[in-house]
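Here is a short tour for a reader new to this structure. Start by looking over the sequence and the model.

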Amino acid sequence: MDNKQQNILIIGAGLCGALLALRLGQRGFNVAVYEKRPDLRTTKLSSGRSINLAFSDRGNKAMKLVGLEEKVKKLCIPMHGRMLHDKNGDTVQSNYSGRKHEYINSVSRNDLNALLLDEAEKHENVNFYFDKTCQSVDLEKTTALFTDGETQKDFIEDADVIISADGAGSALRKSYFQDRDFLFSFSQDYLSYGYKELSILPNENGEYLAHKNALHIWPRQSFMLIALPNLDGSFTVTLFLSYTEGTYNFNNLDTEQKVLDFFKEEFPDALLVMPNLATEFFKNPTSPLGTIKCSPWHYKGNTLLMGDAAHAIVPFYGQGMNAAFEDVVVLDSVLNLNLENWEATFKTYEKHRRKDTDAIADLAIDNFHEMKEHVADPIFQEKRKLEMLLEKKFPLQYNSKYAMVTFNENIGYEVAMLRGRAQDRAILNLLANGEISVNSKATLDELQEALDKINHDTNKILEDHRNADLRY
């Protein structure tokens with residue numbers, strides 16, 4: 001395929017679409033990107049989506065690919081662990097890794113998106129068109145129907161290839177679903193929970209009112225509050241709560257007094273630094289939390305789904321953006337194979353990628369329950385302390401499930417899920433049975449013995465799973 005003779009139409013100029021446009025532009029393709037929203041660099045947008053995100057190694061791998069690692073680093077605030085808040089306002093920090101160089105970052109969605117747009121536009125073969133809403137895609141003709149937001153007139157654009165990076169509400173995926181001649185599988189599973197964005201503002205000197213370098217969590221079994229730092233001294237706070245269940249839920253928090261009573265009872269230390277709570281609670285939307293899986297992602301060699309359009313996940317592993325960025329890295333590696341046509345390229349890409357995106361979707365649901373219920377559980381905290389010790393003492397030999405997912409970009413999500421789940425089960429069983437224990441003064445030999453037991457039991461669990469799969 002001669003790149004310079006290929007015209008690629010990308011639907012969506014969000015994080016995934018902008019990065020994809022940049023990378024394809026670097027490769028020499030002619031790229032046109034159509035985005036339904038106005039240009040976020042010139043218009044203040046309120047989308048209801050989280051305004052800051054957790055950026056980690058898989059996302060950074062993509063930034064290295066396009067040469068933006070240092071520029072993105074300037075937008076980031078390191079978060080070394082979870083700062084857990086109990087009802088009394090007492091806190092304890094649980095680090096993400098025993099290795100000091102491993103941490104996640106809080107980054108502004110808009111700032112990162114704007115950087116990617118700016119960098120992509122530096123290429124003459126890349127053009128963006130904003131306020132253009134995609135209505136549908138003709139899969140056979142490889143054309144897309146758009147509506148111009150200013151004139152309200154419809155128009156059609158064609159291309160050699162159409163790639164959809166337009167998020168969970170993808171117009172291309174809708175066209176797949178509606179095409180009666182196209183066998184397309186699709187699932188959309190919502191949690192009974194929603195989320196609402198709130199904020200902690202800085203003090204009058206612009207200083208942070210909570211520890212800056214941590215992801216703050218107020219775990220309360222059936223719901224939780226989290227907070228991520230911003231560069232301006234504020235925190236973006238997110239409440240995850242059931243729509244209908246429990247003493248407090250989004251449906252019955254219908255007055256300012258009820259909201260204040262709820263926070264006074266459950267998050268008193270947060271309430272002290274959230275003077276705008278009542279106003280923000282009723283001004284900001286309550287948004288749903290869902291998982292989307294589908295197959296296939298492509299139609300012939302004409303169209304392809306990427307990012308949330310192909311595999312939307314809940315945000316509890318902080319991997320939605322990172323997974324979308326990794327999509328671009330994987331597609332780029334397939335393009336390096338120089339296969340005979342787009343259909344072969346897309347088939348190979350999906351074959352390599354979908355098992356991993358299915359895995360991170362399942363892991364994100366797991367982490368939802370872990371964050372709201374288990375992080376405050378004594379045996380879970382013992383497990384994390386032991387894992388920190390093992391990662392510190394044996395940095396090349398041991399990785400927790402979280403580390404495999406978040407800090408080991410060369411381990412696929414599926415492998416991280418399978419081994420991580422088995423390892424978690426092994427450690428919890430060994431701790432519960434008293435076969436291993438947590439002792440910060442343990443000798444290397446004692447820790448090595450514990451690690452050997454963990455590895456033995458982990459491998460046994462994995463072997464049992466493989467044997468069970470062979471039987472069915």
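A residue counts as buried when its relative accessible area is under 20%. Glu-102 and Arg-99 are both buried. They also form a salt bridge, with the closest N and O atoms 2.9 Å apart. Keep in mind that this is a predicted model.

**Salt bridges**

The count comes to 31 salt bridges. Side chains of opposite charge can pair when their charged atoms come close.

| Pair | N to O distance |
|---|---|
| Asp-332 and Arg-27 | 2.7 Å |
| Arg-41 and Asp-39 | 2.9 Å |
| Glu-102 and Arg-99 | 2.9 Å |

The pair of Asp-332 and Arg-27 links distant parts of the chain, 305 residues apart. Asp-332 lies in helix α10, while Arg-27 sits in the loop between α1 and β2. Asp-332 has 5% relative accessibility, so it counts as buried. Asp-39 is buried too, at 13%.

**Helix α10**

Helix α10 covers residues 320–335. Of its 16 residues, 14 are buried. At 1.5 Å a residue, the helix should span 22 Å. Its end C-alpha atoms are 23 Å apart, which agrees.

**An open sheet**

Three strands form an open sheet, in the order β9-β10-β11, with antiparallel pairing. β9 and β11 stand at the edges with a single partner strand each, so one side of each has no neighbour in the sheet. From one strand to the next, the twist averages 30°. β10 (residues 143–148) pairs with β11 over 5 bridges. Ala-144 stands opposite Glu-157 in β11.

Technical notes:
Residues numbered from 1 in each chain as written. Predicted model: local features only at pLDDT ≥ 70, side-chain atom pairs only at ≥ 80, totals over all residues. Heavy atoms only, no water. Helix = DSSP H or I, 4+ residues; strand = E, 2+ residues; numbered from the N terminus. Expected span 1.5 Å × (residues − 1). Buried < 20%, exposed > 50% of the residue type's maximum accessible area, 1.4 Å probe, protein only. Pairing = 2+ DSSP bridges. Axes fitted to C-alpha atoms, helices over the stretch in contact; angles between N-to-C directions. Salt bridge = Lys/Arg side-chain N within 4 Å of Asp/Glu carboxyl O.
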